[in-house]
Amino acid sequence: MPEQAANTRRSIEVTAADLPLHCPTPSMLLWNAHPRVFLPIEKSGEELCPYCGTRYTLKPGAAKGGH
């Protein structure tokens with residue numbers, strides 16, 4: 001089981017393996033999280049969670065633009 005972290009990180013780099021992206025992520029503790037929201041990071045390469053303000057950045061070289 002992957003280690004879970006408190007929802008305190010405000011900048012997270014993600015890869016194509018993390019898509020479709022949602023916040024909170026599976027590695028975050030769910031007891032202190034907000035409702036799950038999917039973030040369309042594929043086109044822009046960067047998204048902010050509207051609930052907690054965490055900035056997600058798609059790792060350079062990861063596929064952009066979707067299918």
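## The sheet

Three strands build an open sheet, in the order S1-S5-S4, with mixed pairing. Strands S1 (11-14) and S4 (46-48) stand at the edges. Each of these has a single partner strand, so one side of each is left without a neighbour in the sheet. From one strand to the next, the twist averages 20 degrees. The model described here is predicted.

## How the strands pair

S1 and strand S5 (residues 55-58) run parallel, and 4 bridges join them. Two partners can be named here. Ser11 has Arg55 in S5 as its bridge partner, and Glu13 stands opposite Thr57 in S5.

S4 pairs with S5 in the antiparallel sense, over 3 bridges. Glu46 has Thr57 in S5 as its bridge partner. S4 and S5 form a hairpin with 6 residues between the strands. In this hairpin, Gly53 takes a positive phi near 80 degrees.

Arg55 has a relative accessible area of 33%. Buried means under 20% and exposed means over 50%, so a value in between counts as partly exposed. Arg55 is therefore partly exposed.

## The salt bridge

How many salt bridges does a search of the whole structure find? The search finds 1. The side chains of Arg55 and Glu46 meet in a salt bridge, with N to O at 2.6 Å. Glu46 is partly exposed, because its relative accessible area is 37%.

## His22 in strand S2

Now to another strand. His22 lies in strand S2, which covers residues 21-23. Is His22 buried or exposed? Its relative accessible area is 13%, so His22 is buried.

What does the side chain of His22 reach at 2.9 Å? It reaches the backbone oxygen of Pro24. His22 also has contacts beyond its neighbours within four places in sequence: Arg36, Val37, Phe38, Leu39 and Tyr56.

Note on methods:
Residues are numbered from 1 along each chain as its sequence is written. This is a predicted model: local features need pLDDT of at least 70, side-chain atom pairs count only at pLDDT 80 or more; totals for chains, interfaces and linings use all residues. Side-chain values use heavy atoms; hydrogens and water are left out. Helices (H or I, at least four residues) and strands (E, at least two) are DSSP runs, numbered from the N terminus. Buried means under 20% relative accessible area, exposed over 50%, partly exposed in between (1.4 Å probe, protein chains only). A polar contact is a pair of N or O atoms within 3.5 Å; within protein, one must be able to donate a hydrogen and the other to accept it, and residues adjacent in sequence count only if both atoms are side-chain atoms. Contact means heavy atoms within 4.5 Å. Two strands pair if DSSP finds at least two bridges between them. Axes are lines fitted to C-alpha atoms, for helices over the stretch in contact, and angles run from 0 to 180 degrees between N-to-C directions. A salt bridge is a side-chain nitrogen of Lys or Arg within 4 Å of a carboxyl oxygen of Asp or Glu.
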